[in-house]
Amino acid sequence: MDYILKIDCNDEKGLILRVSEIVFKHGLNYVSTSEFVDHENSRFYMRAVVVGQVNTIEFQNTLSAYLPSDSVIFFEAIKKKDIVILATKENHCLGDLLIKHSSKDLNANILAIIANHDTLRPLSDKFDIPFTCISADGLDRVEHEKLVLKELEKYKFDYMVLAKYMRILSPDFVKRYPKKIINIHHSFLPAFIGANPYKQAYERGVKIIGATAHFVTDDLDEGPIITQDVIRVNHEMNWKDMQKAGRDVEKVVLSNALELVFDERVFVYDNKTVIF
């Protein structure tokens with residue numbers, strides 16, 4: 001069986017040797033391994049794929065005994081993640097994920113789609129994915145989020161994906177799912193935070209526009225960045241032209257970010273990421 005091992009801890013001499021000895025003693029073999037040391041913060045990161053048969057609890061306990069006390073250790077058999085998608089009206093990011101899911105190119109199982117409008121139900125139905133509309137009409141944010149949380153309780157999922165979900169989540173909502181909510185923002189952050197970044201970009205006269213996939217935190221559009229990309233624009237384009245052009249980069253950036261996260265290639269430390 002193939003497993004993924006991730007270690008995040010204070011840097012010390014001999015860490016790779018210690019880990020390798022434990023891997024060997026438990027009858028495992030490396031398939032691949034990557035390491036990085038953040039010298040500024042004296043932080044060690046390691047991601048490895050190992051193969052063999054092992055008692056996962058005993059293996060993790062042994063690692064914990066021989067690694068620094070602050071070590072964060074992830075060790076799990078390679079498997080698809082389970083996700084729930086939140087959306088609003090725009091279909092390009094959701095449609096891309098549904099196509100990849102249908103063709104088995106997405107390393108995840110889409111359990112459900114929850115939206116605050118019914119616009120995307122026909123798209124969801126085409127792929128036979130459960131769709132729930134929870135309208136926000138006449139509700140304040142707290143009232144609406146209570147209904148969304150109640151629906152989310154029906155599913156056991158690894159990640160929540162905001163595929164152009166155009167509502168700001170409250171701190172109380174976010175803290176329930178730390179490092180588990182992934183958003184696609186339609187600008188090259190930290191530029192143009194908040195609403196209508198394409199209009200902001202047009203008014204500023206930029207020559208590139210982009211998209212950013214990030215983990216959601218209490219700070220709007222300021223969570224740890226997973227990946228980004230840009231495309232060039234010119235003076236002949238108005239903000240709606242930029243918006244249309246930006247949809248392609250948005251769906252590509254979101255898809256790439258999810259691949260990294262689902263493959264356990266992302267480490268989050270403070271407000272940054274280390275990605276193998």
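Keep in mind along the way that the model is predicted.

Let's start at Asp-221, where an unreviewed UniProt entry places the feature "active site". To find this residue, look in the loop that links strand 10 (208–215) to strand 11 (225–232). What surrounds the residue? Beyond its neighbours within four places in sequence, Asp-221 is in contact with Asn-183, His-185, Leu-189, Ile-193, Gly-194 and His-214. With one of these, His-185, the Asp-221 side chain also makes a side-chain polar contact of 3.3 Å.

Next, turn to the helices. Helix 3 (residues 92–102) packs against helix 8 (residues 239–262) with 9 Å between their axes and an angle of about 45 degrees. That angle makes helix 3 oblique to helix 8, and the crossing is right-handed. On the helix 3 side, the residues that meet helix 8 are His-92, Cys-93, Asp-96, Leu-97 and Lys-100. Their counterparts in helix 8 are Arg-247, Glu-250, Lys-251, Leu-254, Ser-255 and Leu-258.

Leu-28 is found in the loop between helix 1 (15–25) and strand 2 (29–38). With a relative accessible area of 7%, Leu-28 is buried. Setting aside neighbours within four places in sequence, its contacts include Val-23, Val-50, Val-54, Phe-59 and Phe-75.

Note on methods. Residues are numbered from 1 along each chain as its sequence is written. This is a predicted model: local features need pLDDT of at least 70, side-chain atom pairs count only at pLDDT 80 or more; totals for chains, interfaces and linings use all residues. Side-chain values use heavy atoms; hydrogens and water are left out. UniProt positions are given in the numbering used here, feature names are shortened, and annotations may be inferred rather than shown by experiment. Helices (H or I, at least four residues) and strands (E, at least two) are DSSP runs, numbered from the N terminus. Contact means heavy atoms within 4.5 Å. A polar contact is a pair of N or O atoms within 3.5 Å; within protein, one must be able to donate a hydrogen and the other to accept it, and residues adjacent in sequence count only if both atoms are side-chain atoms. Axes are lines fitted to C-alpha atoms, for helices over the stretch in contact, and angles run from 0 to 180 degrees between N-to-C directions. Angles under 35 degrees count as roughly parallel, over 145 as roughly antiparallel, 65 to 115 as roughly perpendicular and the rest as oblique. A crossing is left-handed if the near helix is turned anticlockwise from the far one by less than a right angle, and right-handed if clockwise. Buried means under 20% relative accessible area, exposed over 50%, partly exposed in between (1.4 Å probe, protein chains only).
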